[in-house]
Amino acid sequence: MSHYGLENHGIVGTGKVHWNLSVAPLVEEAIRRGEGRLTSSGALNALTGKRTGRSPRDKWTVEESSSRDEIWWGKVNQPISEENYLGLQQEVFAYLQGRELFVMDGFAGADPRYSMPIRIVTEFAWHNLFVKQLFRRATPEQLQSHVPEWTVINACRFAADAKKHRLNSETFIVADFSRKVVLIGGTQYAGEMKKSIFSVLNYVLPQKGVFPMHCSANVGKAGDVAIFFGLSGTGKTTLSADPDRELIGDDEHGWSDHGVFNFEGGCYAKCINLTKEREPLIWDAIRFGSVIENVVVDPASGEPNYMDDSLTENTRCAYPLDYIANAVPSGMGGHPKAIVFLACDAFGVMPPVARLNPSQAMYHFMAGYTAALAGTESNMGKDPTPTFSTCFGAPFLPLPPQVYAQLLAEKMRKHNVHCYLLNTGWVGNAFGQGPRIPLKINRENVTHIIDGALDKAQFQKDPTFGFEVPKALAGVPAELLAPRYGAKDAADYDRRAKDLAGKFVKNFEQFQGVSAEIVAAGPKV
C-alpha cells in the first residue's frame, strides 16, 4: 500500500484495495472475477462490451481558469463546466464506495528528466494489468515515495446521466488540468486510459521544450533512429517491430534536446489478421501477462482466431516492451535520422514511397491524412473513410496544432532531419479494386530510407502532390513507381487523385496564419 492513499484524491469508503499487484496475481484476480479467460498462448482475453474502440464524442475538458486560454477548444476538446464536472465526480466517488479497487503507480516517460509519476485506479483487475504492461513501472524503492502528478480514475461500469451532466452519452472521459485528474466511466475499452495520459503529456511537455509525438521509433546498430508518424491502423507498431532493428516504442514518444524517448513501457498492437509469418515479434509477445481484447477464442482449445472480426476489427494486444526480444531497455535513443509519415491510402492515389521537402513535411504533418479503418473508434462503418487528423493525433491534442507544428519544424531544422511519405494502403487501385501493398515492400522501402538508398535514386514529381517519387527502387515493382502507380484505369485514377487533392485543400482551409510557402506545398487541384 502506498503512503499516499486514495483519500488524497477524495476516494473514501471503498472495499478492498489492491495496491500495485504483480502480473500473476492480476491475472488470477481477473479470472476469479470472471473478467477474462486464458488463451492457449497464456495471454488473457477480455471483452470490452459495446465499446470496442475510443469514444471521441465523449471526451471532455474541464473549462477552468488555469488552462482556459491555452486549450484548443472545439470538436476535439469539448468544454464541460466545473460545476457539471464536480457533480459527475461526486457521483463517481459515491459509486466507488464499498467496491473492490486496483491501483497501479508508475511513470509516463522513459527519460528521467521528463518522467511524470502517474496513478491509475480501476475497478477491473484486467484494466490494471493492462496499464501495468503499458506504462513504465515503479521500482519497489520508487513506490516508497511515489506521489502521482496525474491520476486516472476509471469507473468503467458507472453510467452517467447524460442529460443531468450535459454529456453526449452515458460514457465520459474528462480531463481536469487544474486538479490533474482524468475521470473515465461508461466504457470498458482499455485504450481510453492509455490515450488519456498521452493527451496530458501533449499539454505538459511543450511547456518544457519537448515535442510530443504520436509515432513509433526504432534504432539501428549504428544508432540511426527512425520515427514513424501515423494514425491507428497505418502500421506504426508493425513497421517499428523490425527484426533487424531495436524497438524504442510503438506509439508515443517525446523529442527533447537530448533525443527521442518513449512515453510508455509497453506496446498496444492491432491484431486483426495477425499471423506468425507476417509479424513474428508481435506473435511471440502474446503470452502469459499479455492482454488481448475482443478476440474470438475457441471455447474448447483456447485458440485465438485473429481472422475473426465478428466482435470488432479493432482487436488489440497489450504487452510489455521486454516481451520484444530486441527492445531498447532504456526506452531512449538519439535524434532521428529519418521521419516517416505513414498513410493507409484507401483511394489508391499516393505512391508507395516519396521524399518530402521541408514545406511539404509541414503541410502533411498538419494535414495528417490517412483513410480511417473500421474499428479504431466506436460506431465506425465497414468502409474506409478519408480522415485528416491534425499532427497525426488530433484527438489527443489539447493545445492548438500550430504549437506542435512549430516544434516539429524547429527540431527538423536544428538536427537536419529529412522527411518521407510511406503509403501502407492501396497503390494505384482503390480499396476493393486491388490488394493492399505488401508489408515486405513497405519494409524494404523503410530500409531504403534509412540506409540512404532512396536519396540516391533518380526522382520524378508526382503531378498532383509534388512529391519526389523514385523512378526505380530495389524490391519495388516498376509499375508501382511509374505515373498512376499501376492503376488499371488511368481516367479513374485521375478522377480519384483530383478528388483527394480537393479534400486536402478543403481541410487545410481551417488553418489560419500559415505561411504561403507551406500552403503552396499542398496538392494542386
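Which helices and strands do the buried residues of α10 pack against? They pack against α6, β12, β15, β23 (336-343), α9 (358-367) and β27 (418-423). Buried means under 20% relative accessible area, exposed means over 50%, and partly exposed is in between (1.4 Å probe, protein chains only).

This is a predicted model, in which local features need pLDDT of at least 70, side-chain atom pairs count only at pLDDT 80 or more, and totals for chains, interfaces and linings use all residues. Residues are numbered from 1 along each chain as its sequence is written, and side-chain values use heavy atoms, with hydrogens and water left out.

## The whole protein

The protein has 13 helices and 29 strands. Both are DSSP runs numbered from the N terminus: helices are H or I with at least four residues, strands are E with at least two. The radius of gyration is 23 Å, close to the 24 Å that the globule rule gives for 525 residues, so the protein is as compact as a globular protein of that length. That radius is taken over C-alpha atoms, and the globule rule is 2.2 Å times the number of residues to the power 0.38. Along the principal axes, the C-alpha atoms fill a box of roughly 70 × 55 × 45 Å.

Of the 525 residues, 61% are buried. Contact means heavy atoms within 4.5 Å. Among contacts between residues at least 6 apart in sequence, 74% join residues at least 24 apart.

## Helix α10

Helix α10 covers residues 401-415, 15 residues in total. From first C-alpha to last, α10 reaches 22 Å, close to the 21 Å expected at 1.5 Å a residue. The expected span is 1.5 Å times one less than the number of residues. The buried residues of α10 are Pro401, Tyr404, Ala405, Leu407, Leu408, Ala409, Lys411 and Met412. After α10 comes Asn416, with a positive phi near 55 degrees.

## Strand β15

One of the partners of α10 is β15. How many residues of strand β15 (residues 252-256) are buried? The count is 5 of the 5, so β15 is largely enclosed by the rest of the structure. Glu252, Gly254 and Ser256 point one way from the strand. His253 and Trp255 point the other way.

Two strands pair if DSSP finds at least two bridges between them. Strand β12 (residues 211-219) runs antiparallel to β15, and 4 bridges join them. Here Pro212 has Gly254 of β15 as its bridge partner. Strand β16 (residues 259-262) is also antiparallel to β15, again with 4 bridges. Ser256 is bridged to Gly259 in β16. A hairpin of 2 residues links β15 to β16.

## The nonpolar cores

A nonpolar core is a set of buried Ala, Val, Leu, Ile, Met, Phe, Trp, Tyr and Cys residues joined through side-chain atoms within 4.5 Å. The largest core has 128 residues. Ile227, Phe229, Ile339, Phe341 and Phe365 touch the most other members. Helix α6 (residues 191-204) gives the largest share of this core, 7 residues.

Take Ile339. Beyond its neighbours within four places in sequence, its contacts include Ile227, Phe229, Trp255, Leu408 and Met412. Trp255 is one of the buried residues of β15. Leu408 and Met412 are among the buried residues of α10.

## Salt bridges

A salt bridge is a side-chain nitrogen of Lys or Arg within 4 Å of a carboxyl oxygen of Asp or Glu. The whole structure has 32.

| Asp492 | Arg495 | 2.8 Å |

Glu123 lies in the loop between β7 (116-122) and α3 (125-134), and Arg157 in the loop between β9 (150-155) and α5 (162-165), so the pair ties together parts that are 34 residues apart in sequence. Glu123 is buried, at 1% relative accessible area. Arg157 is partly exposed, at 46%.

Asp492 and Arg495 both sit in helix α12 (residues 490-508). They are 3 residues apart, about one turn of the helix. Asp492 is buried, with a relative accessible area of 17%.

Glu509 is partly exposed, at 47%, whereas Lys506 counts as exposed, at 57%. Elsewhere, salt bridges that share partners join Lys194, Lys195, Lys236, Asp251, Glu252 and Glu264 into one network.
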